[in-house]
Amino acid sequence: MSYRLEIRHFEYFLAVAEELHYRKAAEKLYISQPGLSKQIKQMEEILETSLFERNKKKVALTAAGTYLKEEVKFILNHLEQSKKQVKRIANGQLGEIRIGFLGSAMQEVIPNLLLKLQQQFPEIQTNLEELSNRAQINAISSDRLDIGFVRLARVPQGMQLKKVFRDTFSLVLPKNHALAERGFKGMEQLSKESFILFSQDYSPLYFNTVMSICEDADFTPIISHKSVHAQTIFKLVENNLGIAIVPTALQYGFQMNVKFIELTKIPQRAELSVIWKTDNRNPVLKHCIDLLVNHNL
């Protein structure tokens with residue numbers, strides 16, 4: 001008897017691939033364990049390859065199964081998004097744009113984009129998710145996001161990157177710190193301070209830029225803490241656990257006992273870019289890119 005791959009095969013396979021346990025996967029799918037096993041065996045027969053290694057103690061993915069897991073996640077994500085778009089178009093809506101972002105993008109760039117979208121395309125729905133640079137790259141690659149706002153110098157092949165915002169950096173000091181803006185002459189005054197930085201994994205470009213700001217002043221910063229959230233960094237500074245350097249736009253929206261000194265005389269700038277996948281077929285994407293790139297948000 002010949003069979004064809006169907007969506008249920010993919011769904012059943014992904015459940016087992018994620019759980020690596022047939023009983024748990026069957027419960028998750030609300031089907032019987034023998035029925036699930038039969039469907040997986042049928043899928044393997046169609047593909048003419050083993051997807052799982054099974055014994056009495058454990059279930060593990062084969063090399064082919066590991067590859068297929070990521071492909072199936074992409075297929076099901078894309079199918080779900082297509083179903084949503086069809087429903088919105090049928091209901092007279094234009095569609096949805098899924099946006100990833102770093103926290104600093106929420107200060108100016110994203111609010112401006114959302115305002116323009118609301119004015120020009122009021123039926124476009126937006127879905128926002130704050131993620132690290134790397135998480136945004138992964139989500140866009142797997143079709144879980146349409147665009148991202150990142151601080152990166154380059155992106156993987158198949159993606160586009162355009163700078164959309166250029167900002168200065170600012171020092172973040174405890175409110176009671178002896179150094180004031182009018183007494184600030186240069187970064188060398190802070191060479192003995194402990195610094196609190198965004199994690200290098202969170203934003204390598206930011207981390208390396210801050211290091212270069214200090215190196216230009218002939219010192220390597222003493223790093224006491226790292227974080228992925230601006231509020232955490234400001235809280236650590238507020239409690240005299242170090243000082244920080246952040247994009248100037250991040251100072252707005254936080255009410256803490258810290259003060260800022262804008263670093264206007266250094267060459268480094270905090271550049272925010274928008275990224276998207278070249279072959280993304282979401283019809284809403286073009287409107288967003290046009291607003292960002294051609295209208296100088």
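Tutor: Let's take helix α8, whose buried residues pack against β7, β8, β9 (222-227), β10 and β11. Helices (H or I, at least four residues) and strands (E, at least two) are DSSP runs, numbered from the N terminus. The model is predicted, with local features needing pLDDT of at least 70 and side-chain atom pairs counting only at pLDDT 80 or more, while totals for chains, interfaces and linings use all residues. Residues are numbered from 1 along each chain as its sequence is written, and side-chain values use heavy atoms, with hydrogens and water left out.

The buried residues of α8 are Ala230, Ile233, Phe234, Leu236, Val237 and Glu238. Here buried means under 20% relative accessible area, exposed means over 50%, and partly exposed is in between (1.4 Å probe, protein chains only).

Follow the chain just past the end of α8 and you reach Asn240, with a positive phi of about 60 degrees. Asn240 sits in the loop between α8 and β10, and has this positive phi although it is not a glycine. Asn240 counts as partly exposed because its relative accessibility is 47%. Tyr30 is another residue other than glycine with a positive phi, near 60 degrees. Its place is the loop between α2 (22-29) and α3, and Tyr30 counts as exposed because its relative accessibility is 76%.

The largest nonpolar core has 38 residues, and Leu171, Met187, Phe195 and Ile245 touch the most other members. A nonpolar core is a set of buried Ala, Val, Leu, Ile, Met, Phe, Trp, Tyr and Cys residues joined through side-chain atoms within 4.5 Å. At least two residues of this core come from each of β7 (169-174), β8 (194-198), α7 (204-216), α8 (230-238), β10 (244-247) and β11 (258-263). Helix α7 gives the most, with six residues. There is also a second, separate core of 23 residues, which includes Ala105, Ala249, Leu285 and Leu291.

Leaving aside neighbours within four places in sequence, Ile245 is in contact (heavy atoms within 4.5 Å) with residues including Leu171, Met187, Phe195, Val210 and Cys214. Cys214 counts as buried because its relative accessibility is 0%, and Cys288 counts as buried at 0% too. If you are wondering about disulfides, the rule asks for a pair of cysteine sulfur atoms within 2.5 Å, and the count comes to zero.

Next, look at Glu193, in the loop between β7 and β8. With a relative accessible area of 24%, Glu193 is partly exposed. Beyond neighbours within four places in sequence, Glu193 is in contact with His177, Ile222 and Ile243. The C-alpha atoms of Glu193 and Ile243 are separated by 7.1 Å, although the two are 50 residues apart along the chain. The side chains of Glu193 and His177 make a polar contact at 2.7 Å. A polar contact is a pair of N or O atoms within 3.5 Å; within protein, one must be able to donate a hydrogen and the other to accept it, and residues adjacent in sequence count only if both atoms are side-chain atoms.

Finally, let's step back to the whole chain. The chain is divided into domain 1 (7-90), domain 2 (92-165 + 272-294) and domain 3 (169-268), with bounds that come from an automatic or database domain assignment. The C-alpha centres of domain 1 and domain 2 lie 30 Å apart, and their contact takes nine residues from domain 1 and 15 residues from domain 2. Between them they bury about 1,000 Å², 40% of it on carbon and sulfur atoms; buried area is the accessible area (1.4 Å probe) that two parts lose on being put together, summed over both.

Gln39, in helix α3 (residues 33-47), counts as buried because its relative accessibility is 16%. The side chain of Gln39 makes a polar contact with the side chain of His9 (3.5 Å). Glu11, in helix α1 (residues 7-19), is partly exposed at 39% relative accessibility. Glu11 touches Leu29 and Leu76, not counting residues up to four places away in sequence.
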